[in-house]
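Q: I'm new to reading predicted models. Can you walk me through this one?

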Amino acid sequence: MLIIGIAGGTGCGKTTVVKQIVDELPENEVVVISQDSYYNDLSHLTKEERSKVNFDHPNSIDFDLLMHHLNELRAGRSINIPVYSFVEETRLPESIPTAPKKVVIVEGILVLSNPALRKLFDIKIYVHADSDERLIRRLQRDIRERGHDLEKALYRYQTAVKPMHNQFIEPSKEFADIIIPNNHYNTVAVDMVRTIINDKLI
Ligand SMILES: Nc1ncnc2c1ncn2[C@@H]1O[C@H](COP(=O)(O)OP(=O)(O)O)[C@@H](O)[C@H]1O
Ligand SMILES: Nc1ccn([C@@H]2O[C@H](COP(=O)(O)O)[C@@H](O)[C@H]2O)c(=O)n1
């Protein structure tokens, strides 16, 4: 099994890059796991209390469960991936049964910031886009898909997203084996990663 970790600041294009990589690979060979699925279960808090949580701090993620799941997959056992709702800001009761595959891709802002998780990755990738580019993409997405208004999205960016990026995410770039520049769509880099994966699948 090949486990690939893909990190990078919010809006850098991780999900898009992963989709581009996976689209051309055999479906039955690859599983994608998002760090977002492992946000702590906050169902014991009210919606207002949840809205005050710093979702960009490593403590907001259940890394123990994520690492347990990766170890289970490596051991050939299936896992149940939690389902997270950005609108409700907590885990939903359901989960997604997921079988082990030859390639596992784990993507999320903080996946290279956790030393124990990092050790589980065979290849570590950091997707880079400039902060102004990321902010524009993030605002568009938060308003369109995550139920935020402009004021809330900007407040969160200034109070949590930007400081946590500077403290935890940007410094994790030094652990990457590959850095993908993604201010513009980068088909060359995507092709290179796909080639590495295909070599492994042979
Ligand atoms: N290279 C790019 N150029 C322009 N827009 C992009 C690019 N990559 C991603 N996007 C757009 O930016 C937004 C955030 O991308 P996404 O892949 O969800 O980022 P992330 O998963 O890192 O938060 C999406 O609307 C996506 O379509
Ligand atoms: N309830 C939540 C939980 C997280 N976020 C933001 O999601 C970002 C990480 O996801 P990406 O797809 O952008 O990598 C992170 O920056 C959190 O602020 C949220 O908005 N609401």
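Q: How many helices and strands does the protein have?
A: Helices (H or I, at least four residues) and strands (E, at least two) are DSSP runs, numbered from the N terminus. Here you get 7 helices and 7 strands. The radius of gyration (taken over C-alpha atoms) is compared with a globule rule, 2.2 Å times the number of residues to the power 0.38. The protein comes out at 17 Å, close to the 17 Å that the rule gives for 202 residues, so it is as compact as a globular protein of that length.

Q: What pLDDT does the protein average?
A: pLDDT is the predictor's confidence in each residue, from 0 to 100. Where it is low, the predicted coordinates should not be read in detail. The average here is 95, and 100% of the residues score at least 70. This is a predicted model, where local features need pLDDT of at least 70, side-chain atom pairs count only at pLDDT 80 or more, and totals for chains, interfaces and linings use all residues. Residues are numbered from 1 along each chain as its sequence is written, while chains are lettered from A and ligands numbered from 1 in the order in which they are written.

Q: Which residues are the closest to ligand 1?
A: A residue counts as near if its C-beta atom, placed from the backbone, lies within 6 Å of the molecule. For ligand 1 that gives 13 residues, with G13, K14, T15, T16 and R137 the closest. Two or more residues come from each of α1 (14-23) and α5 (131-145), and α1 gives the most, with 3.
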